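Thanks for asking me to look over this one with you. Please open the sequence and the model side by side before reading on.

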Amino acid sequence: MSTHPLMCGVSGVAGPRPGDEKQSAAELDLVLQQHQNLQEKLAEEMLGLARSLKTNTLAAQSVIKKDNQTLSHSLKMADQNLEKLKTESERLEQHTQKSVNWLLWAMLIIVCFIFISMILFIRIMPKLK
């Protein structure tokens, strides 16, 4: 009877020991638990990021809607101002044409009247010595 461990036969070398099996099962359970915890943390982080993205997207959507409303209001006001400007421009042009015609004739008559008055004044008044 040999005392060498390799010579023992079935007693311990050929198969796993029950203590080793329990230890490897515990280690496997520990690794699986760590992976499961890591996956849960990642899932929670992804959920938080998704919520944050949703919040940011809704805020951006609100800002964009408000900007679009402001822009459409500004465009509407610009169109109204353009129409008013065209109308007032036409009125000013008509007024300018009428007043220039009338003013031109009035100034011509006044200049002629002053010229004739000066000639008469020079002829009528005696020369001073």
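My notes follow as numbered points.

1. A word on ground rules: this is a predicted model, where local features need pLDDT of at least 70, side-chain atom pairs count only at pLDDT 80 or more, and totals for chains, interfaces and linings use all residues. Residues are numbered from 1 along each chain as its sequence is written, and side-chain values use heavy atoms, with hydrogens and water left out.

2. Confidence next. The protein chain has a mean pLDDT (the predictor's confidence in each residue, from 0 to 100) of 85, and 83% of its residues reach 70 or more. Over residues 4-12 the pLDDT stays under 50, and the model has 4 contacts beyond four places in sequence for them; a contact means heavy atoms within 4.5 Å. Where pLDDT is low, the predicted coordinates should not be read in detail.

3. The fold is quick to describe: 1 helix and 0 strands, taken as DSSP runs (helices H or I, at least four residues; strands E, at least two) numbered from the N terminus. Of the 129 residues in the protein chain, 0% are buried, where buried means under 20% relative accessible area, exposed over 50% and partly exposed in between, with a 1.4 Å probe and protein chains only.

4. How are E88 and R91 placed in helix α1? They sit 3 residues apart, about one turn of the helix. The two form a salt bridge, with the closest N and O atoms 3.1 Å apart; the term means a side-chain nitrogen of Lys or Arg within 4 Å of a carboxyl oxygen of Asp or Glu. A search of the whole structure finds 1 salt bridge. E88 is partly exposed because its relative accessible area is 42%, while R91, at 51%, counts as exposed.

5. S72 also deserves a look, in helix α1 (residues 18-124). Its side chain reaches the backbone oxygen of Q69 at 2.9 Å. S72 counts as partly exposed because its relative accessible area is 44%.

6. Finally, an unreviewed UniProt entry lists residues 102-122 as "transmembrane region"; such annotations may be inferred rather than shown by experiment. In the model this stretch is 100% helix and 0% strand, its end C-alpha atoms lying 31 Å apart.

Definitions and conventions:
Polar contact = N/O pair within 3.5 Å; in protein donor to acceptor, adjacent residues only side chain to side chain.
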